[in-house]
Structures are given as structure tokens and as C-alpha cells.
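Colleague: I am new to this structure. Could you take one part, the sheet and the helices on it, and go through it closely?

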Amino acid sequence: MRILPGMVESDPDLDTEPDADLDHGRIVVGDCVAEMARLPEACVDAVFADPPYNLQLEGELLRPNHSRVDGVADSWDRFEDLGAYDAFSRTWLAEARRLLKPDGTLWVIGTYHNIFRLGSILQDLGFWILNDIVWRKTNPMPNFRGRRFTNAHETLIWASRSRGARYRFNHWAMKNLNDELQMRSDWLLPVCGGPERLKQQGRKAHPTQKPEALLHRVLLASTAPGDLVLDPFFGTGTTGAVARRLGRRFIGIERDADYARLARARIAAVAAGTGDGAADAELLATPGARDAPRIPFGWLVERGLLQPGDVLVDERERYSARVAADGSIAADGFRGSIHQVGARVQNLPACNGWQFWFTRRGGKRVPIDVLRQQLRAELN
């Protein structure tokens, strides 16, 4: 069934119009396409979308003990055919692209039922796929009929607005989140459960509520505090709850007034991440290497952290260079910056000298980048 405008009634406790200045978190009740069309062009920094999957389930799904599986059987997940689903997907994705700022990015999640169709459509519309992320579920629902492999993952597509567009990726935040290792594109996270799972009369309030851990990683990776995030399929408000906790702004569009009420209550109970103290804002920030003050290598010599004549070596001590008074270094008759000399001795086109060169402190090799961070801390 196509989702049409006007299929839900307005609720006095919920917003029916987005703020003109888009300064505050909003939950808008209505059809996502119609409500997105009312928003100004290039107004959001990111879109996270958990659209209908078009599962096309037939009949009830039972466990071996004949108890009913609480799956997705709602009308919002049903379409007449694949053509109707594709037409709906193309329409909302086109609106999402119109609303994204030039450096904004889109996240969309799905299963094998729909994610490949969505990927093809968003490429046709001009999006540029940056990554596909596999969310591996630690506790997936078994395949009760035993006729297929257990569906143990969902796929997220992360895309920029167009090829070559600038976009935000908080690389260092992801490394910090992953114990100093680069974050991979396979994420092992549990499905939503426990006290986080919203329930009514003992049953799931929403059949496809996503875990907050998943949205935490999405928003931390690709947005900054104060950024505006749009979720056109808001459900019970996972995106809004995490956005509020991380100091991001949000607009949520949800056609079901009952889901929207649950989302409002849930988000109201979340303490906003940006408290009154400056420390809160600092802890929510995700600075990258380019955000830190630039420290020329020569400043280390000026400040006495290194002396003219000191010897630098690489980690395995295959190469060495001597520090000059002007902040250059010399090796094998060649003199230049720490980057130029590092590249020259290795016969490479480029080198990050801060990571390549080491000095000695107390008989141990120490990266010169440690000295740079020490000086940065003093300046800050």
C-alpha cells in the first residue's frame, strides 16, 4: 500500500509543522514525502533513514513450540508490488538529497529484501556510496523453519550527496571508540532488547526498533555537535534520543501518531548531552587531526624539546637523521623537512614524518609526535 498524505490525524501534543528556523528537535506527524517537501533546500547535515523493508510476509511465523513470532505485519511495510515500492523509495530519496547540505551524508538501513533496490536508486539519483556497513547481530532471530540461513545481519549504506563532495568523517572518534584500531565496516552489536526496548501490554511497541548503540556510532562518525539530523521514518525515536544525548539537533517525521507519542516521551526522558558547563560541549566534540593547532617541527627545537644535533631514528632504527637549528633534519647528505627526509631515505613519494621519526627519552624510543602533543597541550 502506498503511504499517502493525510492518513494520520494531528495530535495537539505533537508538532505538525517543522520550525522555520529548524533550531530545535521536532517530531512531525505526517507522511514523510509531504513533510520533507515542506522543508527548505540544503537544510540538514545528515539523514538517517530506516524505511519500510517491504518484507512481504505471508501468514504467521511460528516458533517450534507454536508460539507466534512478533514480526513485522504492519500496513506501513506493505506495497502492492516492487514497482510501487521503488516509486516510493525514489521519491523520498530524491527529497532527502534535496534537503542535504552539499557536505551532508545519508545513511539508510535495510535487509536483503530492499537494500539492493535502495542502493541502485540512490546511485541513479546522484548519491555517491562511501561505505556499506554490515551490522552483525550478536543475538539474531533464528530461522524457525530451517529452510534458509539465519538472517544475522542488516546492511547500512552511507553515501555523500554527490561524487567528489566533501563530507564529514570523524576518523579519530571511531578509532577511540574501537580501542585505537581503525573502525571496520562490520559492526558487531546486539539487537534492541532489555530496558531499552519499548513495550506496551508486554509486547514490543515497535517491531523494528533499532538499538541506540547503532545510532550512537552512526551519528558520532558523521556529524558534529549542533548538526541537524533528519529521520523521515522516526518510529519510536531512537535517532532523536541519541541525537539529544550527543548534542545534535533533529527533525523526526512519523506517520503513526502512537509511535510519535512514544518517541516524545522517550526523548523527554533523555538528559541532553549539552549541559550548562563548557566541559560537556568539549566532551561531545569529535576533533580530528586537522582540527588541532598546527605545530611546525621547528617549534620543538625553539622550545628546547629537541636540540640541534639530536639524532632521530625510525622505529626499527634502519635510518637516522640529525636535527638542525632551523627545524630541518639531515640524512645522507640531504636536508629538508621531517617529511621530505623520511620519504627520501625510504625512497617513497611521501612520508608522515611525525609518525616515522623517533627520539630517545630515558633510553626508550619515543615518537616525535608525542613531543608535538606535549607542545599542543601547553598552547591550549
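**Sheet and helices**

Modeller: Helix α6 (residues 238-245) lies across β2, β9 (228-231) and β10 (249-254), and runs at about 170° to β10. The model is predicted: local features need pLDDT of at least 70, side-chain atom pairs 80 or more, while totals for chains, interfaces and linings use all residues. Residues count from 1 along each chain as its sequence is written, and side-chain values use heavy atoms, without hydrogens or water.

Helices (H or I, at least four residues) and strands (E, at least two) are DSSP runs, numbered from the N terminus. Angles run from 0 to 180 degrees between N-to-C directions of axes fitted to C-alpha atoms, for helices over the stretch in contact. Contact means heavy atoms within 4.5 Å.

Now the sheet. Eight strands form it, open, in the order β1-β10-β9-β2-β3-β5-β4-β6, with mixed pairing (at least two DSSP bridges between two strands). β1 (26-29) and β6 (186-189) stand at the edges with a single partner each, so one side of each lacks a neighbour in the sheet. Within it, β2 (44-49) and β3 (100-110) run parallel, joined by five bridges. V47 stands opposite L106 in β3.

Next, α3. This helix (115-124) lies across β3, β4 (128-137) and β5 (153-160), at about 160° to β3. Its buried residues (under 20% relative accessible area, 1.4 Å probe, protein chains only) are I115, L118, G119, I121 and L122. They cover an arc of only 170° around the axis, which puts them on the same side of α3; the arc is taken from directions from helix axis to C-beta atoms. They pack against α2 (82-99), β3, β4 and β5. On the other side, F116 and D124 are exposed (over 50%). G126, with a positive phi near 110°, follows α3.
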